[in-house]
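Opening my notebook on this one. I'll jot things down in the order I looked them up.

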Amino acid sequence: MAVNEKDLLMDKQIEEMLNQYPAKVKRNRKNHIVLNDTSLEHQQIEANTRTIPGIITNRGCAYAGCKGVVLGPLKDMVHIVHGPIGCSYYAWMTRRNKAKSEDPKKNFLNYCVSTDMQESDIVFGGEKKLARMIDEVVEIFKPNAITVSATCPVGLIGDDIQSIAKAAEDKYGIPIMAFNCEGYKGVSQSAGHHIANNGLMEHVIGRGDLEEAPAKYTINMLGEYNIGGDSWEIERVLTELGYHVQTVMTGNGAYEDLKNAHIAQLNLVQCHRSINYIADMLEKKYGTPWLKVNFIGIRSTIESLRNMAMYFGDKELIDKTEEVIARELAEIEPALDKYRKYTNGKTAFCFVGGSRGHHYQILYEELGIKTLLAGYEFAHRDDYEGRVVLPDIKPDADSKNIPDLHVEPDERRYRVKIPQERMAELQEKMPLCNYKGMRMDMIDNTVMVDDLNHYETEEFIRILKPDIFSSGIKDKYIVQKMGIPSKQLHNYDYSGPYAGFKGAVNFARDITMGIVSPTWKYITPPWKSSPLIEGTIEEGRSCGC
Ligand code: CFM
């Protein structure tokens with residue numbers, strides 16, 4: 001329980017904010033908001049449940065999570081969207097997942113490939129159109145592999161995309177995979193991540209011929225999407241340290257690398273939410289442990305690099321890691337000090353999708369910025385509270401919709417990477433096959449909120465008055481009109497990279513620019529002088545959920 005005066009005031013203000021909702025909505029939302037109290041060992045938050053109809057959420061759909069997030073960045077595959085052009089357009093590169101290819105003919109990310117379903121396809125079926133589209137794609141692009149992603153109407157009219165893909169695969173002899181990621185599945189894009197994870201595990205990973213790791217320290221990087229070039233900055237350091245990055249899932253990723261992901265000795269997990277399913281399955285099937293890393297923030301980057309070196313346990317690698325850390329720090333510290341003069345003592349909100357709400361708090365802290373409120377759009381309880389709560393999470397109708405893929409140890413390729421006793425020893429020291437969640441990095445009397453909506457955003461801004469707001473395109477401009485600079489942490493507002501050592505300097509520069517800009521003091525939102533609307537919400541006239 002919150003005990004001091006400040007806590008009680010916050011409790012009261014949150015209560016007043018919730019009082020504006022109809023009673024049922026209030027009861028629901030109350031469970032999604034937690035005032036952090038570090039004296040408690042555990043605080044529960046409700047997550048991964050349906051958004052109440054009528055509430056303006058920032059969430060996306062299953063299709064966005066599958067095609068837009070996990071599959072889309074794989075550059076040497078053509079990703080066909082079977083659906084109306086709007087769905088295709090909005091999952092096409094607005095996320096800034098960068099890629100470059102040695103062979104310019106094998107990077108298809110610039111293309112928005114869609115069956116552009118029309119009314120007649122909805123009435124008479126779109127299967128023939130999809131089959132023709134695959135023929136055209138093979139003829140024009142000659143890709144190494146193809147994915148087909150379904151949008152809502154495809155599921156509603158019952159087009160059998162699995163059979164079409166199978167027939168085309170037999171015809172052309174290249175992998176052609178269909179994903180039933182209709183937007184309405186699950187409660188958010190999180191369902192789409194799971195569908196994509198299952199598909200990649202079933203149809204791509206392990207399809208390659210490699211039997212042994214090609215280098216001494218062979219790793220995969222999971223849950224890193226190269227937004228604004230993040231992965232390139234991380235790989236710059238990893239490569240210098242002597243790591244061989246077999247594949248990145250899926251930023252700047254390629255089918256040709258991903259199919260041999262089974263040979264890695266360690267899997268790094270940057271974004272737990274979007275890829276933990278593959279991390280788990282790789283452990284079960286090939287015996288590869290995963291390490292939760294965070295390359296956002298200097299302290300967390302250093303800790304991740306040290307943990308990796310400790311995992312391999314090689315003196316030469318451990319020494320080299322320290323040497324590189326010292327050199328990188330010496331290079332960036334003067335620049336960071338320059339920006340800290342402006343950022344020190346400021347406050348922030350940090351509300352992003354399913355992992356950055358946590359990761360960016362560390363970078364803010366390093367700039368002397370306190371995060372007053374943080375949360376996720378669509379994460380699950382384990383992303384807030386840690387994987388320790390996994391056994392307590394009861395599956396509901398929405399989560400059962402996307403079943404876990406059952407995998408067994410691969411008879412030929414399963415390798416014990418680390419003896420059991422050493423594994424237990426390492427697990428004491430680092431998050432090996434474990435994620436402790438966001439809560440452990442938050443401080444007292446700050447707010448953790450799940451699926452923050454637009455009403456609550458405005459209210460929390462009035463209550464907490466942050467100096468900087470960080471979220472995405474859906475709330476950025478509302479907040480800026482309230483006179484507060486807003487930094488998009490999904491696509492970085494055309495900037496980046498923000499990961500690793502050099503990325504931290506870019507972030508400090510961009511945040512400083514936002515804070516010192518004189519723009520904000522010229523904005524007087526209308527509600528500061530007079531209320532725009534006056535009214536009451538009557539019980540019984542809500543959506544009824
Ligand atoms: Fe993982 Fe992501 Fe995120 Fe995510 Fe996303 Fe993204 Fe994100 Mo936008 S995979 S959960 S579904 S880190 S697109 S690169 S920024 S909401 S916090």
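Entry 1: I began with Ile-122, which is partly exposed at a relative accessible area of 34%. My cut-offs: buried is under 20% relative accessible area, exposed is over 50%, and partly exposed is in between, with a 1.4 Å probe and protein chains only. Ile-122 sits in helix 5 (residues 119-124). Helices here are DSSP runs of H or I with at least four residues, strands are E runs of at least two, and both are numbered from the N terminus.

**Entry 2: ground rules.** This is a predicted model, so I note that local features need pLDDT of at least 70 and side-chain atom pairs count only at pLDDT 80 or more, while totals for chains, interfaces and linings use all residues. Residues are numbered from 1 along each chain as its sequence is written, and side-chain values use heavy atoms, with hydrogens and water left out.

**Entry 3: salt bridges.** How many salt bridges does the rule give? I get a count of 35, taking a side-chain nitrogen of Lys or Arg within 4 Å of a carboxyl oxygen of Asp or Glu.

I looked up Asp-398 and Arg-50, whose side chains meet at 2.8 Å, N to O. This pair links distant parts of the chain, 348 residues apart: Asp-398 is in helix 17 (residues 397-400), and Arg-50 is in the loop between strand 1 (33-35) and helix 3 (62-71). Asp-398 is buried at 14% relative accessible area, whereas Arg-50 counts as exposed at 58%.

Next came the salt bridge of Arg-59 with Asp-451, at 3.7 Å, N to O. Arg-59 is in the loop between strand 1 and helix 3, and Asp-451 is in the loop between strand 12 (447-450) and helix 19 (454-464), so the pair ties together parts 392 residues apart in sequence. Both Arg-59 and Asp-451 are buried.

Asp-121 is buried at 10%, and Lys-129 is partly exposed at 21%. I also found a salt-bridge network linking Glu-233, Arg-236, Glu-240, Arg-327 and Glu-328.

**Entry 4: helix 15.** Is helix 15 largely enclosed or open? Ten of the eleven residues of helix 15 (residues 356-366) are buried, so the rest of the structure largely encloses it. Among the buried ones are Arg-356, His-358, His-359 and Glu-366. After helix 15 comes Gly-368, with a positive phi near 80 degrees.

**Entry 5: the ligand.** I counted 14 residues around the ligand, the closest being Arg-95, His-193, Cys-271, Ser-355 and His-490. To be listed, a residue needs a heavy atom within 4 Å. The shell divides into six nonpolar, six polar and two charged residues. Here Ala, Val, Leu, Ile, Met, Phe, Trp, Tyr, Cys and Pro are nonpolar, Asp, Glu, Lys and Arg are charged, and the others, Gly among them, are polar.
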